[in-house]
Amino acid sequence: MIDEDEVSENDLEENQVSFFKCKKCGSCTLRTTNILDLIETIQQRLPCSCGEEEDAAYRTEQIRVQVEETGYLLENRHFTVEDSEREELDRDTLDEDIICEKCYRKYKDRSDLWEVTKNCSEEEESNLTIRCDGCDHEIEFGYSHLYKQGRIFLEKDDRNFKPRKTLLDPKYVEKWKKRGWLRPTK
Ligand SMILES: [Zn+2]
Ligand SMILES: [Zn+2]
C-alpha cells in the first residue's frame with residue numbers, strides 16, 4: 001500500500017524526518033525537551049595568600065542541578081541538543097578542611113578564589129518529551145533498547161512503529177498496558 005502522506009528523504013528540510021508526518025498539522029518536524037536531574041560533587045581548594053601554607057582550605061560540595069536540553073528528533077531516530085539551560089537547585093557543603101585559618105576567614109566567601117580540583121556529575125533521572133513542532137501536541141514514544149537507549153520510535157504517525165518491539169519510555173507504561181501494547185514478559 002502506498003501512503004500518500006509519505007515524505008521522501010530527498011525532500012526533507014532541516015530537522016524534518018521522513019518517518020513522521022503529523023495527521024493534525026502536516027508537520028514533519030519533532031521537537032524534543034530532555035530534562036536531566038544531576039548531582040554534581042565538586043572538590044575545591046582555596047590557595048593560601050599569606051605565605052604560611054600552600055593551601056588555605058579544601059572543600060567538597062554537592063550541588064543538585066537541573067539541565068533542560070532542547071533539540072530535534074532526527075532521521076537517525078536520535079535527538080540533538082541545540083540548546084541547554086542549567087539551573088542550580090541547591091548546594092550543600094559535605095566536607096571542609098581548614099589549613100590556614102587566617103586566609104580562610106578572609107577569603108572563604110570569595111567564590112572566584114576557590115579552584116575546582118575535581119568535578120563528578122551523576123545522572124539521577126532524565127525525562128524526555130517529544131512534541132510536534134507544528135501543533136505542539138505531545139507524542140508518546142519508546143526505545144529500541146533497554147535503559148532509554150537506542151533509536152526512538154513514536155506511537156503516533158510513525159511509519160515504522162511496532163508496539164511490541166518498542167521498549168516504551170517508563171512514563172507511558174500504564175497507558176500502554178491499558179492498550180494491550182506491552183510485550184508479554186514471559
Ligand atoms: Zn594563609
Ligand atoms: Zn502537528
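Phe 141 sits across from Leu 154 in β6, with strands here being DSSP E runs of at least two residues, helices H or I runs of at least four, both numbered from the N terminus. That pair belongs to β5 (residues 141–145) and β6, which run antiparallel and share 4 bridges; two strands count as paired once DSSP finds at least two bridges between them. Before going on, note that this is a predicted model, where local features need pLDDT of at least 70, side-chain atom pairs count only at pLDDT 80 or more, and totals for chains, interfaces and linings use all residues. Residues are numbered from 1 along each chain as its sequence is written, while chains are lettered from A and ligands numbered from 1 in the order in which they are written.

Back to the hairpin: β5 and β6 have 3 residues between them, and Tyr 147 takes a positive phi near 55° there. β5 also pairs with β7 (residues 167–168), antiparallel again, through 2 bridges. In that pairing, Tyr 143 stands opposite Leu 167.

Now for the open sheet. Its 4 strands come in the order β3-β2-β1-β4, with antiparallel pairing. β3 (83–98) and β4 (115–132) are the edges, each with a single partner strand, so one side of each has no neighbour in the sheet. From one strand to the next, the twist averages 10°, taking axes as lines fitted to C-alpha atoms (for helices, over the stretch in contact) and angles from 0 to 180 degrees between N-to-C directions. β2 (residues 55–72) and β3 pair over 14 bridges, and Thr 70 stands opposite Asp 83 in β3.

What does the largest nonpolar core contain? It has 12 residues, including Phe 20, Leu 73, Cys 132 and Phe 141. Such a core is a set of buried Ala, Val, Leu, Ile, Met, Phe, Trp, Tyr and Cys residues joined through C-beta atoms within 7 Å. Buried means 20 or more other C-beta atoms within 10 Å of a residue's own, exposed means 12 or fewer, and partly exposed is in between, with C-beta atoms placed from the backbone. β4 and β6 (149–154) each supply at least two residues of this core, and β6 gives the largest share, 3 residues. Apart from it lies another core of 6 residues, among them Leu 46 and Cys 100.

Finally, Glu 54 is in the loop between β1 (30–47) and β2. Glu 54 is exposed, with 10 other C-beta atoms within 10 Å.
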